[in-house]
Amino acid sequence: MTLLSAEGLTKRFGGVLAAKDVSFGLEGGEMLAIIGPNGAGKSTTFNMVGGQLRPDAGRVTLAGQDITGMPPRAVCRMGVGRTFQVAQTFLSFSVIGNVQMALIAHHGQTRMLLPDAMAMHQDAALALLERVGMAAQADRPIGELAYGDVKRVELAIALAAAPRLLLMDEPTAGMAPAERSALMALVAGIARAERIGVLFTEHDMDAVFAHADRILVLVRGEIIARGTPEEVRADPEVQRVYLGHSGTRAAERARRAHG
Amino acid sequence: MQWDFLLVQSLSGLASASSLFVIASGLTIVFGVTRIVNFAHGSFYMLGAYIAVTVVPWLLEIDRSPWLFFVGVLVSALAVGALGVLMEMLLLRRIYRVPELFQLLATFGVVLIVQDLVLLVWGPVDIPGPRAPGLRHGVVILDQRFPAYELFLIAVGPAVLGLLWLLMHRTRFGVLIRAATQDREMVGALGVNQAMLFTGTLFLGAALAGLGGALQIPRVSANSQMDLSIITEAFVVTVIGGMGSVPGAFIAALLIGQLQAFGVLIFPKITLVLVFLLMAVVLVIKPWGLLGKPEAAAGRVVLPEGILDPRPLDRAGKMLAALGLAAVLALPLLDAYAVKVGTEVLILALAAFSLNFLVGNGGIVSFGHAAYFGLGAYGAGLLVVKAGLPMEPALLAAPIAGGAFAALFGFFVVRLSGIYLAMLTLAFAQIAYAVVFQWVEVTGGDNGLVGVWPSRWAASREVYHYLVAAVTVAAIILLRRVIHAPFGATLRAARDSAQRADAIGVDVRTHRWLGFTLAGAAAGLAGGLYAFSKGSIDPTLLGIPMSVDFLSMLLLGGIQSVLGPVAGTAAFHAAKDFFMPLTDHWRLFLGLSIIAMVLVFPRGLAGAWDTLRRRRA
C-alpha cells in the first residue's frame with residue numbers, strides 16, 4: 001500500500017492560490033523531494049501534510065488512513081516525524097535530554113508526576129544519537145552545538161517516534177555545504193535501511209539531485225513536472241521556469257559526483 | 001423603562017467610553033512601538049489629574065474663562081508627557097530586550113514609586129477639581145437633564161481619534177509609529193533613529209494618559225487609587241481592541257462604556273465581572289483582540305534570565321537547603337515574633353514556588369497568582385466562619401478551591417501566550433477580587449471575615465508553625481519532584497518550543513492547563529494556611545499588590561533556579577517585615593528595589609550564589 005498519498009490538495013490565502021490540486025504518492029524507503037522557486041507553495045503543501053495547515057480541498061492519507069486536517073500532535077502519533085526549516089529543539093535541555101523528551105512523549109508518559117524524567121529512556125536515546133552520529137556530545141547543552149549538529153539532533157528527535165514517514169522542511173537550510181551532503185546521506189541511509197518514507201523540500205539542488213528518488217516540481221502552486229532526477233532534469237519546462245542555467249549546471253555536477 | 005432614560009444611560013456610557021479611549025489609546029500606541037505593557041500608564045493618568053487640580057484653579061484665578069480651563073488641561077497633559085520622556089530615558093530604554101515579566105515588574109515599580117511621591121507632594125486627602133466654566137449647566141434631552149460637560153467628553157473621544165489618525169497618516173512621526181508597530185526590526189534596519197522614535201512615542205502615550213486624567217477633574221476628585229483602577233480598565237480596552245491598534249481601542253472602549261452603562265441596570269454589583277467576561281470571550285474567539293495582529297506578541301527571544309535551569313542541587317546547595325530547614329525548625333527557640341514571621345515565610349514560599357512552577361518552568365507568566373492564593377484562603381475561611389467546619393476539612397478545601405478556579409480560569413488562559421496571557425491572568429484575578437470585594441453578605445466585603453482559627457490542638461503559634469512547616473515543605477518537595485518528572489519536563493519543553501513539542505506528539509494546551517491547575521491548587525493550599533495563621537481573610541489577599549509581591553519574591557530569589565524563589569521569599573518577607581514599620585515610604589523603597597533588581601541583578605540571589613560558587617571553584 002502507498003505509505004503517503006495526497007490527493008487534490010488545494011489551499012488559498014486570500015486571493016493567492018498557494019496550492020492547486022496537488023497530488024502525489026510516496027512509498028516506504030523512498031525519498032521524495034518537492035522543489036520550486038520561492039513562493040511556489042512548497043511549504044504550504046508540506047504543512048498540509050504535516051497538520052500545520054488544513055487544506056481547503058483534498059485528502060491526505062497515511063497507509064490508507066485519512067489524516068487530513070489532524071493537528072500535528074495527532075499526525076505525529078500516527079507515525080510521522082518532522083524537522084523544521086529552522087531547527088526546533090528544546091533549548092534548555094541537554095542533547096540527550098531532547099531525545100529523552102521525545103521518547104517520553106512517544107511512550108505517552110508526559111503526565112507522569114514522580115519519576116525523574118532525565119533517568120528515563122537513556123539507552124534508547126543514546127542509541128538514537130548514535131545513529132545520527134551525535135552520541136559523543138550527548139551531555140552537552142544543545143545551545144552550545146554547531147547548527148549542523150543541532151539539525152542532526154533534530155533528526156534523532158524525529159526518529160524517536162519510530163516514524164513511518166519523515167517530513168523534512170529544508171533539512172539543509174543554514175548549513176555549510178560539507179555538512180549538507182553528510183546530513184542528506186545520513187537521512188537517505190536511515191530511510192532506506194528502515195523503509196521510512198521521506199518527504200522533503202529543498203533549495204539546495206546538489207542535495208536534491210544526489211539523494212531524491214523522485215522529484216516534484218511546484219510552480220505557483222501547481223505541479224509542472226514529476227519523475228526521477230533524470231526525467232526532471234531533462235524536462236525543458238523545468239529548465240525554463242525553474243532551474244535556469246546555474247541549476248542545470250548543478251544538476252550536471254551532481255550527476256558526475258554521484259553518477 | 002422609558003426611551004429618554006435609556007438614551008441618557010447610553011450617553012453617559014459614551015462619555016465614559018470617550019475618556020477610556022483617550023487613556024487606552026496612549027497605552028496601545030506605546031505597546032505597539034516598544035512592545036512594553038506599561039503599568040505606569042495608570043500613574044500618568046493619576047498624575048494628569050493631580051497636576052490639573054493644581055494648575056487649573058491657579059489659572060482660573062486669573063480669569064474664569066473656559067479657554068484657561070482647557071489651557072490648564074493641555075498644560076497638565078504636556079507635563080505628564082514630559083514625565084513619560086523621563087521614564088523612557090531613565091528606565092524603558094534599558095529594558096526593551098529583557099523578558100516580558102521583567103518589563104511588567106519594572107513598570108510596576110514605577111507605579112509604586114509614583115504612589116508614594118503623589119502622597120508626598122499632594123498628601124493623602126482627595127482633591128476635588130474645579131468645574132469647567134461654560135460647561136457647568138445641564139442640557140435637557142427628552143425631558144432628562146444631562147450634564148453639558150459629559151456631552152463635551154463624548155466629543156473628545158472621536159476628536160482624539162481623528163487627531164491621532166491625522167498624526168499617524170499625515171506626519172513622518174506617525175508613519176514611523178505605524179511602521180514600528182508592524183515591524184520594529186525593519187524600521188531599525190531602515191536607519192530610523194529608534195531612540196528618538198521611542199522617546200517621542202512615550203511622550204505621546206503619557207500625554208494622552210495625562211489628558212485623560214486632567215479631563216476627569218470636574219467629574220472625580222484626584223485620589224491616590226486612580227492609577228490601579230484605571231490601568232486594569234485600560235488593559236481590558238487595549239486587549240479587547242487588539243494591542244497596538246488605536247481603532248481597536250476605540251471600538252473596545254465604546255463596547256465597554258455601553259456594557260457598563262446598561263450592566264449597572266441589570267447586574268448592579270457585577271459590572272466589573274461583565275467587563276472582564278467580555279474580555280475573556282473576545283480573547284477566546286479572537287486571541288489577538290478585535291483588530292490586533294498575532295505577531296505583536298509572538299516570536300520574542302527568551303533570554304537566559306527567563307529560563308529555569310532544573311539542575312539537581314550540588315553539595316553546597318543541599319547543605320544550604322538543610323541549613324534553611326534546620327533554621328525553620330529551630331525558630332520556636334527564639335521569640336514568638338520570629339515564629340510568626342517564619343510561619344508566614346513558609347506559606348509565602350509555597351505560593352512563590354507554585355508561581356515559579358508556572359513562570360520559570362512553564363513560561364506561563366501569570367500576573368494574577370494571588371487570585372488562587374486568596375481563593376484558597378476564602379475557601380477555607382468561609383467553611384470555618386460560615387459553615388462552622390473545623391480546620392482540617394477547611395485546609396483540604398483550600399487547594400481544591402484554588403485548583404478549581406485555576407482550572408476554570410486556566411481553560412481560557414492557556415489559549416494565549418506571552419503578554420496576552422499575562423493580561424488575562426491579571427483580568428481574572430481582578431474578577432475574583434471584585435466578586436470578593438462586592439459580595440458583602442458572603443465575604444464580608446472590604447472588611448473580610450474574622451475568626452478563622454486553627455483547631456485547638458494546633459492553636460499555639462509553635463504547633464501551628466510546625467504544622468505549616470510539615471505541609472509546606474512536603475508540598476515544595478513534591479512540586480520540585482514534579483518539575484523534574486516527565487510532566488514538568490514536558491511543560492519546560494513546550495516553553496522552549498511549542499512547535500517542537502507539538503511535533504513530538506504533546507498536547508501543549510492540555511498540559512499547560514493541567515500545570516496551571518496544579519499551581520493554582522498549591523497556591524490555594526498556601527492561602528488556606530495563611531488564613532489560619534492570621535485568623536482572618538480579606539480582599540487584599542487576592543489583589544494586584546499581592547501578585548506583585550509573589551513575582552518580586554521570584555525575581556529576588558532568581559527565576560531560573562528551582563529553589564531560588566524559596567530563598568527569595570525569605571529575604572523579601574523578612575525585609576518587608578523589618579523595613580515596613582520603619583518607613584512611611586515602603587512602596588517607594590520596594591519600587592526602586594524592583595527596578596534595581598531588574599536592571600542590575602536579574603538572576604537574583606540564586607544567581608549571586610552561583611557566581612560566588614564559581615569564583616571559589
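**View 1. Helices α1 and α6 of chain B cross with left-handed geometry.** This is a close-up of a predicted model. Helix α1(B) covers residues 3-34, and helix α6(B) covers residues 172-182. The two pack at an angle of about 65°. Their axes are 7 Å apart. On the α1(B) side, the contact is made by B:I29, B:G32 and B:V33. Facing them in α6(B) are B:I177, B:A180 and B:T181. By class, the contact has 4 nonpolar and 2 polar residues, with no charged ones.

**View 2. Helices α15 and α21 of chain B pack at an angle of about 145°.** Helix α15(B) runs over residues 391-413, and α21(B) over residues 508-534. Their axes lie 7 Å apart. The crossing is right-handed. Its contact residues divide into 19 nonpolar and 8 polar, and none is charged.

**View 3. B:A406 sits in helix α15 of chain B.** This alanine counts as buried because 33 C-beta neighbours lie inside 10 Å; the cut-off for buried is 20 or more. Which residues touch B:A406, leaving aside neighbours within four places in sequence? They are B:Y372, B:F516, B:T517, B:A519, B:G520 and B:A521. B:G32, a residue of the α1(B) contact with α6(B), is 374 residues from B:A406 in sequence. In space, B:A406 and B:G32 are 30 Å apart, C-alpha to C-alpha.

**View 4. B:A434 lies in helix α16 of chain B.** The helix spans residues 418-438. B:A434 has 20 other C-beta atoms within 10 Å, so this residue is buried. Leaving aside neighbours within four places in sequence, B:A434 is in contact with B:L272 and B:V273. B:A132 is 302 residues away from B:A434 in sequence. The C-alpha to C-alpha separation of B:A434 and B:A132 is 33 Å.

**View 5. Chain B is divided into two parts, domain 1 (3-224) and domain 2 (337-543).** Their C-alpha centres lie 36 Å apart. How many residues does each domain of chain B give to the contact? Domain 1 of chain B gives 4 and domain 2 of chain B gives 6. On the domain 1 side, the class count is 3 nonpolar, no polar and 1 charged.

**View 6. Chain B meets chain A through 23 of its own residues and 27 of chain A.** Three helices of chain B each supply at least two residues of the side that touches chain A: α18 (461-484), α19 and α20 (498-503). Which of them gives the most? Helix α19(B) does, with 7 residues. By class, the chain B side has 10 nonpolar, 6 polar and 7 charged residues.

**View 7. Helix α3 of chain A is mostly covered, with 12 of its 12 residues buried.** The buried set runs from A:V95 to A:H106 and includes A:G97, A:N98, A:Q100 and A:M101. The cover includes α4 (122-131) and α5 (147-159) of chain A. Helix α19 (486-496) of chain B is also part of the cover. Does the span of α3(A) agree or disagree with its residue count? At 1.5 Å a residue, its 12 residues should span 16 Å. Its end C-alpha atoms are 17 Å apart, which agrees. Just after α3(A), A:G108 takes a positive phi of about 65°.

View 8. Most residues other than glycine have a negative phi. Is A:D21 buried or partly exposed? A:D21 counts as partly exposed, because 14 C-beta neighbours lie inside 10 Å.

**View 9. A:E170 also has a positive phi, although it is not a glycine.** The value is about 45°. A:E170 is found in the loop between β7 (165-169) and α6 (177-194) of chain A. With 20 C-beta neighbours inside 10 Å, A:E170 counts as buried.

Methods:
Residues are numbered from 1 along each chain as its sequence is written. Chains are lettered from A and ligands numbered from 1 in the order in which they are written. This is a predicted model: local features need pLDDT of at least 70, side-chain atom pairs count only at pLDDT 80 or more; totals for chains, interfaces and linings use all residues. Axes are lines fitted to C-alpha atoms, for helices over the stretch in contact, and angles run from 0 to 180 degrees between N-to-C directions. Helices (H or I, at least four residues) and strands (E, at least two) are DSSP runs, numbered from the N terminus. A crossing is left-handed if the near helix is turned anticlockwise from the far one by less than a right angle, and right-handed if clockwise. Ala, Val, Leu, Ile, Met, Phe, Trp, Tyr, Cys and Pro count as nonpolar, Asp, Glu, Lys and Arg as charged, and the others, Gly among them, as polar. The expected span of a helix is 1.5 Å times one less than its number of residues. Two residues are in contact if their C-beta atoms, placed from the backbone, lie within 7 Å. Domain bounds come from an automatic or database domain assignment.
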